[in-house]
Amino acid sequence: MKRVVITGAGTINALGHSVDETLAAMREGRCGIGELDIRDVERLSIRIGGQVRGFSPEEHFNRQQISLFDRFTQFTMIAAQEALDQAGLDFTGEMAARAGVVLGTAGGGVNTWDENYRSVYEEGKNRVHPFVVPKLMNNAAASHVSMRWNLKGPSFTVATACASSNHAMGQAFHMIRAGMSDVMVTGGSESMLCFGGIKAWEGLRVMSKDACRPFSANRNGMVQGEGAAIFVFEEREHASARGADILAEVAGFAMTSDASDIVMPSRQGAARAMAGAIADAGLAPGQIGYINAHGTGTAANDKTECAAVADVFGAHADDLMISSTKSMHGHLIGGTGAVELLACIMALRDGIIAPTIGYQEPDPECALDVVPNQARQARVDAVLSNAFAFGGLNAVLALRRA
Amino acid sequence: MAEDVQEKIFAIIAEQAVLEPADISMEQSLDELGIDSLGLVESIFAIEEAFDIDVPFNANEPGKSEFDVTTVASIVTAVEKLVAEQAA
């Protein structure tokens, strides 16, 4: 089997418009969550989110692109540009024919749905823009990346709610490992911070009105974020032969289904996914130094995830570090695993563990080292990135230092 | 008014529990009635719609909510209070 490495990374999210800005914010434990600036916010009971600030599409895209790119596609294109610039690859000939793009998103063009429903239902218009369908479709971002960079191999979009990005990156990993492709562009994107997007989430009553405080006894729910992170996954020999800078190795991946409840998480399902990823990577549990938690800040997720970690790691659970960066960038739903992979790369490459900020009170049901409030220096050789979706679909990636 | 509130709540809870309103009694908990967390959230939504009120309830901290969901009786009391407040 081939080995798979990461040779490019890019992002835009509430913490910054690039990987450097995002990692700087994570090192400083800065919070990107604030008051939402969206239309009709006064009719929402949830008014905070990890919104991308200081972003104007006109600075990045021409008029025709804007008419085709929903906000989730715009974020994808910006993150992909950074990742592909870093990788420094040209896609031509046989290489282009085999290289593809697999992305994750839960909702796709939610802003486009929202704006156009508003137009026909609320404003009573009987006509919408001709590009509504190609703009809102979940695969729009993957297709535009494919077109822009001439990626002609296996390309598609994965939608598994909050695990979408991890499932997408797992597919890209499998394809390179199996020898189907030498290079895959992968990651995910989400942009649900609009009236309809938040209103739908309000209904479940799992959102916090004030902050995302994962693992803290006084946590009171999740906070949504938005943005994208995109990576270039490359076959190891291919990357080494061209002298590429290797950010980390993608060593293993596992996915499980709880087969139990549409919203409540399962300790067994989460544990099986983590154990599966470790075994797939050929690692022992004791080698994992850091876990980027799913850590949503809901009562149910955090205690279930900690119990699953205890099941998988036994006594080593007390030695490893586990943090949730959602406390800083919010929950990017289908894009979240991609942004969180950046914290994993930082841990392996820079020896800096991103903190769980907003941590105020220890919870006996989350009695692990959650790296509270301040980043920490630590050398780790292998890490996990957890994603556990509504619907009970779990996807965990294992990364190793390059 | 009070009886009307109770009657509507019994009907809502009975529907969630797949029982007849006559099978519901004030001292029962939702747990005893077989209503899980999703059923609770749906019941609260139905209550908001029936009485045109906003119910302050966060599933992450049910104990801290001003809206006490311990028993059928506590729900009736909480709804009566909200109806009175939000009509004022």
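Mentor: Start with Phe215(A): this residue is buried, at a relative accessible area of 0%. Buried means under 20% relative accessible area, exposed over 50%, and partly exposed in between (1.4 Å probe, protein chains only). The model is predicted, so to speak of local features pLDDT must be at least 70, side-chain atom pairs count only at pLDDT 80 or more, and totals for chains, interfaces and linings use all residues. Residues are numbered from 1 along each chain as its sequence is written, chains are lettered from A and ligands numbered from 1 in the order in which they are written, and side-chain values use heavy atoms, with hydrogens and water left out.

Trainee: Where is Phe215(A) found?

Mentor: In the loop between H9 and E7 of chain A. Helices (H or I, at least four residues) and strands (E, at least two) are DSSP runs, numbered from the N terminus. The phi of Phe215(A) is near 70°, a positive value in a residue other than glycine.

Trainee: And phi of Asn150(A), what is that near?

Mentor: Near 65°, again a positive value in a residue other than glycine. Asn150(A) sits in the loop between helix H7 (140-149) and strand E5 (156-158) of chain A. Asn150(A) is partly exposed, with a relative accessible area of 28%.

Trainee: Domains next. What does the assignment give for chain A?

Mentor: Domain 1 (4-241) and domain 2 (252-400). The bounds come from an automatic or database domain assignment. Taken over C-alpha atoms, the centres of domain 1 and domain 2 of chain A are separated by 21 Å. Their contact (heavy atoms within 4.5 Å) takes 62 residues from domain 1 of chain A and 64 residues from domain 2 of chain A.

Trainee: How much area do domain 1 and domain 2 of chain A bury between them?

Mentor: About 4600 Å², 70% of it on carbon and sulfur atoms. Buried area is the accessible area (1.4 Å probe) that two parts lose on being put together, summed over both. In domain 1 of chain A, Met26(A), Cys162(A) and Phe215(A) lose the most area to domain 2 of chain A, together 19% of what that side buries.

Trainee: How many salt bridges between domain 1 and domain 2 of chain A?

Mentor: Three. A salt bridge is a side-chain nitrogen of Lys or Arg within 4 Å of a carboxyl oxygen of Asp or Glu. Asp280(A) forms a salt bridge with Arg177(A), with the closest N and O atoms 2.9 Å apart. Across the interface of domain 1 and domain 2 of chain A there are also 18 residue pairs in polar contact (both at pLDDT 80 or more). A polar contact is a pair of N or O atoms within 3.5 Å; within protein, one must be able to donate a hydrogen and the other to accept it, and residues adjacent in sequence count only if both atoms are side-chain atoms.

Trainee: Which elements give two or more residues to the side of domain 1 of chain A that touches domain 2 of chain A?

Mentor: Strand E1 (4-13), helix H1 (19-28), helix H8 (164-177), strand E6 (183-190) and strand E7 (227-235) of chain A. H8(A) gives the largest share of that side, ten residues.

Trainee: Now the packing. Which residues touch the most other members of the largest nonpolar core?

Mentor: Ile6(A), Phe231(A), Phe233(A), Tyr290(A) and Leu399(A), out of 69 residues in that core. A nonpolar core is a set of buried Ala, Val, Leu, Ile, Met, Phe, Trp, Tyr and Cys residues joined through side-chain atoms within 4.5 Å. Helix H14 (residues 336-350) of chain A supplies the largest share of this core, ten residues. Domain 1 (4-241) and domain 2 (252-400) of chain A both give residues to this core, so it lies between them. A second, separate core has 33 residues, including Met77(A) and Phe75(A).

Trainee: What does Met77(A) touch?

Mentor: Not counting residues up to four places away in sequence, Phe61(A), Phe69(A), His144(A), Val145(A), Arg148(A) and Trp149(A). Met77(A) is in helix H3 (residues 71-87) of chain A and is buried, with a relative accessible area of 9%.

Trainee: Last topic, chain B. How many residues are in contact between chain A and chain B?

Mentor: 15 residues of chain A with twelve residues of chain B. The area buried between chain A and chain B is about 940 Å², of which carbon and sulfur atoms give 46%. The count there is one salt bridge, and Arg205(A) and Glu48(B) meet through their side chains in a salt bridge at 2.7 Å, N to O. The side chain of Arg205(A) also reaches the backbone oxygen of Phe57(B) at 3.4 Å.

Trainee: Is Arg205(A) buried or exposed?

Mentor: Buried, with a relative accessible area of 12%.
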